[in-house]
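Dear colleague,

I am handing over the structure we spoke about, and it is placed just below. Please look through it first, and then read on for what was found in it.

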Amino acid sequence: MSSFDSFDRYVLPHFPILIIGVSLVFVYAGFLYYRAKAPGMAFVFLILAVLGVVIANIYK
């Protein structure tokens with residue numbers, strides 16, 4: 001059994017959950033940047049969060 005079989009079996013089924021978790025962290029970071037009066041960085045983090053949700057739906 002190669003290591004790729006283990007990756008496919010144990011990691012890839014949880015990949016969308018991991019991406020959603022990272023997206024939530026990006027939303028939180030965007031909120032903190034917005035509160036710190038840096039709307040440009042907040043916008044970047046919110047766009048990354050939206051892209052993460054889109055990617056999670058593709059892998060679902």
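S23 is buried, since its relative accessible area is 4% (buried means under 20% relative accessible area, exposed over 50%, and partly exposed in between, with a 1.4 Å probe and protein chains only). This serine sits in helix α2, where helices are DSSP runs of H or I with at least four residues, numbered from the N terminus. Leaving aside residues up to four places away in sequence, S23 touches A49, G52 and V53, a contact being heavy atoms within 4.5 Å.

Before going further, please bear in mind that this is a predicted model, in which local features need pLDDT of at least 70 and side-chain atom pairs count only at pLDDT 80 or more, while totals for chains, interfaces and linings use all residues. Residues are numbered from 1 along each chain as its sequence is written, and side-chain values use heavy atoms, with hydrogens and water left out.

Turning to the aromatic residues, a search of the whole structure finds two aromatic pairs, where rings of Phe, Tyr and Trp (its six-membered ring) pair if their centres lie within 6.5 Å, and planes under 30 degrees apart count as stacked, over 60 as edge-to-face and the rest as tilted. One of these is the stacked pair of Y33 and F45, with 5.4 Å centre to centre and 15 degrees between the planes. This pair links distant parts of the chain, as Y33 belongs to helix α2 (residues 15–35) and F45 to helix α3 (residues 39–59), 12 residues apart. Y33 counts as partly exposed because its relative accessibility is 33%, whereas F45, at 16%, counts as buried. Together with F26, Y33 and F45 form one aromatic cluster.

Y33 also takes part in a nonpolar surface patch of about 1,100 Å², whose members include M41, F43, I47, V54 and Y59. A salt bridge here is a side-chain nitrogen of Lys or Arg within 4 Å of a carboxyl oxygen of Asp or Glu. The largest share of the patch, 11 residues, comes from α3. V54, which is in helix α3, counts as partly exposed at 41% relative accessibility.

With best wishes

Key:
Helices (H or I, at least four residues) and strands (E, at least two) are DSSP runs, numbered from the N terminus. Patches are made of residues with over 30% relative accessible area and no salt bridge: like charges are joined within 9 Å, nonpolar side chains (Val, Leu, Ile, Met, Phe, Trp, Tyr) within 5 Å. Accessible areas come from the Shrake-Rupley method with a 1.4 Å probe; for residues, only the protein chains shown count as cover.
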